[in-house]
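Good morning, and thank you for coming.

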Amino acid sequence: MTQNHEDSKVLSVLPGVLLCGKITELTLNAKNIPDGRYDLRILPVSYPSHNYSKPEPFSIINGKATISLEPEKEQEYRLVLYENKKWLADCFVYAVDKDLYELNPFKGDFHMHSNRSDGREPPAEVAAQGRA
């Protein structure tokens, strides 16, 4: 049975790869999440930090929001969106040190779905979009 994800709340972020120790402006895209005021919590996945433990208020306007983030360590960070302390959606960014950041030409979305699972496009088109 195919599951319909048309109404799923989705939060995505660009850029997806950040440089440690540098303040980067992130653009959050909110699909099926109404414009309004929310709380965003940034959670380091591997190395907990007190700097990221408090939810911060922010607004989604026209399906988008921007935040600034200065990752402390090389690791994955989970961005969690809440409304009235209730989880709505999340997404992930990765922070790397300068040596890897400068060598890595891939600074986009690595997690994609084709219509073979819960995506909309055929695998060939998903692959072609990754090359663009």
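At 27% relative accessibility, arginine 78 counts as partly exposed, where buried means under 20% relative accessible area, exposed means over 50%, and partly exposed lies in between, with a 1.4 Å probe and protein chains only. Aspartate 90 falls into the partly exposed class as well, at 22%. The side chains of arginine 78 and aspartate 90 meet in a salt bridge, with 2.7 Å from N to O. By salt bridge I mean a side-chain nitrogen of Lys or Arg within 4 Å of a carboxyl oxygen of Asp or Glu. This pair links distant parts of the chain, since arginine 78 lies in strand E7 and aspartate 90 in strand E8, twelve residues apart. Helices (H or I, at least four residues) and strands (E, at least two) are DSSP runs, numbered from the N terminus.

A word on the source. This is a predicted model, in which local features need pLDDT of at least 70 and side-chain atom pairs count only at pLDDT 80 or more, while totals for chains, interfaces and linings use all residues. Residues are numbered from 1 along each chain as its sequence is written, and side-chain values use heavy atoms, with hydrogens and water left out.

How many salt bridges does the structure hold? The answer is two. Side chains of opposite charge can pair when their charged atoms come close. Besides the pair already described, glutamate 102 forms a salt bridge with lysine 98, and their closest N and O atoms are 3.8 Å apart. Because glutamate 102 and lysine 98 are four residues apart in helix H1 (residues 98-103), about one helical turn separates them. Both glutamate 102 and lysine 98 are exposed.

Let us return to the strands. E7 and E8 run antiparallel and are joined by nine bridges; two strands pair if DSSP finds at least two bridges between them. Within this pairing, leucine 81 stands opposite alanine 89 in E8. The hairpin of E7 and E8 has two residues between the strands, and there asparagine 84 takes a positive phi near 50 degrees. E7 also has E4 as an antiparallel partner, through six bridges. Aspartate 39 has tyrosine 82 as its bridge partner in E7.

Tryptophan 87 belongs to strand E8 and is partly exposed, at 43% relative accessibility. Leaving out residues up to four places away in sequence, tryptophan 87 touches Arg78, Val80, Leu81 and Tyr82, where contact means heavy atoms within 4.5 Å. Tryptophan 87 and aspartate 39 are 48 residues apart in sequence, and their C-alpha atoms are 9.6 Å apart in space.

Now to another sheet order. E1-E3-E6 is an open sheet of three strands with antiparallel pairing. Its edge strands are E1 and E6, each of which pairs on one side only. On average, neighbouring strands of this sheet are turned by 30 degrees against each other, direction ignored; the axes are lines fitted to C-alpha atoms, for helices over the stretch in contact, and angles run from 0 to 180 degrees between N-to-C directions. E3 and E6 are joined by six bridges, and alanine 65 in E6 is the bridge partner of leucine 28.

Threonine 24 is found in strand E3. Is threonine 24 buried or exposed? Threonine 24 is buried, with a relative accessible area of 14%. Residues up to four places away aside, threonine 24 touches Pro15, Leu18, Ile67, Ser68 and Leu69.

Which residues have the most contacts inside the largest nonpolar core? They are Leu28, Phe58 and Leu79, in a core of 24 residues. Such a core is a set of buried Ala, Val, Leu, Ile, Met, Phe, Trp, Tyr and Cys residues joined through side-chain atoms within 4.5 Å. The elements that give two or more residues to this core include strand E1 (10-14), strand E5 (56-60) and strand E8 (86-96). E8 supplies the largest share, five residues. With neighbours within four places in sequence left aside, the contacts of leucine 79 include Leu11, Leu28, Ile67 and Val93.

Finally, the cysteines. Cysteine 20 is buried at 14% relative accessible area, and cysteine 91 is buried at 6%. A search of the whole structure finds zero disulfides, a disulfide being a pair of cysteine sulfur atoms within 2.5 Å.
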